[in-house]
Number of protein chains: 2
Amino acid sequence: MSLNHILLGMLREPSTGYELGKEFSEGAQHFWFAELSQIYPTLKRMRDRGWLDTWEEPSERGPKRKVYKTTAEGRAELRTWLRDGPHLGRERLGFIAQTFFLGELESYEESLSIVRKMRAMWEHKLGYLEHVERMVEEDHGDPSHYGGDGLHNHAALRMGIHMLRAKLAWCAETLERLETRLELAEPTPAG
Amino acid sequence: MSLNHILLGMLREPSTGYELGKEFSEGAQHFWFAELSQIYPTLKRMRDRGWLDTWEEPSERGPKRKVYKTTAEGRAELRTWLRDGPHLGRERLGFIAQTFFLGELESYEESLSIVRKMRAMWEHKLGYLEHVERMVEEDHGDPSHYGGDGLHNHAALRMGIHMLRAKLAWCAETLERLETRLELAEPTPAG
DNA sequence: GGACACATGTAACAAGTTACATGATTGG
DNA sequence: CCAATCATGTAACTTGTTACATGTGTCC
């Protein structure tokens, strides 16, 4: 799976299961998500395989924290996964499937309403990613000067932004078609 | 899950497990994929729930075929799923995660090679989808006249095309940055 | 007779979700 | 004392993958 490898990447800086869970609920959710109930046992298994170190630390507030960090062996595994070529094969894009079958509802109003909901969610996500991009640029300046991790982190962010803009362009195109269809079917009483 | 609902949509026209598997390996793989070993037991469970009818037919070539078709109950379930709003939450985009951690390799050449592989795969997919779009237009004419299923099928196809173009735009942007970085690090001996 | 496409499955395992259990500390 | 946040987990279940088993009919 990839969760193992994503955690290997994230845990190059030490962190706890709880903190990782919050990262997945915030920034990282734009390309991956995992529940705490999946994260905890996964961390344990990875430690057993020798990919992670672990120790305990007192919390400022609440019970003691179990901190994990990627080992040298873990980093080797991460590099193998990265070199293993792009892992593209099997995206599951449920919203395309849903669009595909939307004709079943036999109602342009319902289709419109669903596409408008998609647009609202994606606009919200895009706003967040664009905000993150501005913050990064304020902190680190012109992206053309980034090196190493900075460059690749920024590239990942840009991918998120490109994809969301494409989704929104599709929404505009599709809403226009659906609205035209609806007008043809039900001409305005005043018109 | 969504596989149930995707099969409900596909099986409004009768088909067999084997044929559905081929559809997932061809066109449908652009937004979903399922193995035969997942499809067969899923069909059986769906029939047990009353969502599918099934009967046997002789094959032209090879053993007898087990044909399935969505029942009225199945269509009701499909409509419920469609109306249940867009199912967006949890895309898993492993390639963005991979990009994010690519700095670990500490090699612009390796990053370039991976992004070029992504570009090659996506160009190939885009070529296929654009070909499908041309075929659809030849058969059915100007998309602005499509109604019902035709309109929604075309919208799903357009989404695939928009997404792939966004990915390729990102590749161009990212390759340019990586190449600049590489030139700065290793100025040409002749320059 | 061998390769290939047709056709359907099972078994074992890995990954992911939902629901539940437990308890500490802080702020109102 | 109550709610919220911090913090770690288990159990039962669903979903998805990999590997294997079995057999038919056609073309070369």
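A patch is made of residues with over 30% relative accessible area and no salt bridge, and nonpolar side chains are joined into one when they lie within 5 Å. The views below show a predicted model.

**View 1. A nonpolar patch on the surface of chain B.** Three residues, Tyr18(B), Leu36(B) and Tyr40(B), make up this nonpolar surface patch. Together they have about 300 Å² of accessible area. Leu36(B) belongs to helix 3 (residues 36-48) of chain B. Its relative accessible area is 31%, so Leu36(B) is classed as partly exposed.

**View 2. A salt bridge between Glu173(A) and Arg158(B).** The two side chains meet at 2.7 Å, N to O. This pair crosses between chains: Glu173(A) is in helix 7 (residues 148-185) of chain A, and Arg158(B) is in helix 7 (residues 148-185) of chain B. Both Glu173(A) and Arg158(B) are buried.

**View 3. A salt bridge between Arg47(A) and Asp48(A).** The side chains of Arg47(A) and Asp48(A) come together at 3.0 Å, N to O. Arg47(A) is partly exposed, with 29% relative accessible area, whereas Asp48(A) is exposed, at 58%.

**View 4. A salt bridge between Lys64(B) and Glu56(B).** Here the N to O distance is 3.5 Å. Lys64(B) has 61% relative accessibility and therefore counts as exposed. Glu56(B), with a relative accessible area of 47%, is partly exposed.

**View 5. A network of salt bridges.** Arg12(A), Arg75(A), Arg79(A), Asp149(A) and Glu104(B) are joined into one network by salt bridges that share partners. Over all chains, the structure holds 26 salt bridges.

Key:
Residues numbered from 1 in each chain as written. Chains lettered and ligands numbered in written order. Predicted model: local features only at pLDDT ≥ 70, side-chain atom pairs only at ≥ 80, totals over all residues. Heavy atoms only, no water. Patch = residues over 30% accessible without salt bridge, like charges linked within 9 Å, V, L, I, M, F, W, Y side chains within 5 Å. Areas by Shrake-Rupley, 256 points an atom, 1.4 Å probe, with all protein chains shown as cover. Salt bridge = Lys/Arg side-chain N within 4 Å of Asp/Glu carboxyl O. Helix = DSSP H or I, 4+ residues; strand = E, 2+ residues; numbered from the N terminus. Buried < 20%, exposed > 50% of the residue type's maximum accessible area, 1.4 Å probe, protein only.
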